[in-house]
Amino acid sequence: MTVTTSLKLPDDLKNTIAKVAAFEGKTAHALMVDTLQSAMEDALLRQQFYANGEAAFQHTLRTNAVYGGD
C-alpha cells in the first residue's frame, strides 16, 4: 500500500533533485523514494549496530568478562 505525503522542499534542493534524477534517467519522485528507502535501511542498520554494542557492554558489566588484546 502507498500513501501520499506532501513535502515542502527548498528551491535549491528541488533543482538538485531534478538534475540528479535526469542524469540517472529517473523521475524526481522515483529518486526521492529510492533515496529515502536507502537512508532508512542505513538508519536501521545503524540502530542495530548501536543496540548490539549496548548489549555487549551490558553483558560485560553483568559478567565482568573481558578479553585481553594481546
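A salt bridge here is a side-chain nitrogen of Lys or Arg within 4 Å of a carboxyl oxygen of Asp or Glu. By that rule, the structure holds 2 salt bridges. I'll come back to them.

First, the ground rules. This is a predicted model, where local features need pLDDT of at least 70, side-chain atom pairs count only at pLDDT 80 or more, and totals for chains, interfaces and linings use all residues. Numbering runs from 1 along each chain as its sequence is written, and side-chain values use heavy atoms, without hydrogens or water.

Now the overall fold. The protein chain has 2 helices and 0 strands. Both are DSSP runs numbered from the N terminus: helices are H or I with at least four residues, strands are E with at least two. The radius of gyration is 21 Å, whereas a compact globule of 70 residues would have one near 11 Å. That radius is taken over C-alpha atoms, and the globule rule is 2.2 Å times the number of residues to the power 0.38. The C-alpha atoms fill a box of roughly 55 × 30 × 20 Å along the principal axes.

How much of the chain is buried? Buried residues make up 6% of the 70. Buried means under 20% relative accessible area, exposed means over 50%, and partly exposed is in between, with a 1.4 Å probe and protein chains only.

On to helix H1. Residues 11-24 form it, 14 in number, and it reaches 20 Å from first C-alpha to last, close to the 20 Å expected at 1.5 Å a residue. The expected span is 1.5 Å times one less than the number of residues. Just after H1, Gly-25 takes a positive phi of about 70°.

Back to the salt bridges. Glu-24 lies in H1. Its side chain meets that of Lys-26 at 3.7 Å, N to O. Glu-24 is partly exposed, at 44% relative accessible area. Lys-26 is partly exposed too, at 32%. Which residue makes the other salt bridge with Lys-26? Asp-34 does, at 2.7 Å, N to O. Asp-34 counts as partly exposed, at 37% relative accessibility. Shared partners join Glu-24, Lys-26 and Asp-34 into one network.

Last stop, Asn-64. Asn-64 sits in the segment after helix H2 (28-63). Its phi is near 60°, a positive value in a residue other than glycine. Most residues other than glycine have a negative phi. Is Asn-64 buried or exposed? Asn-64 is exposed, with a relative accessible area of 64%.
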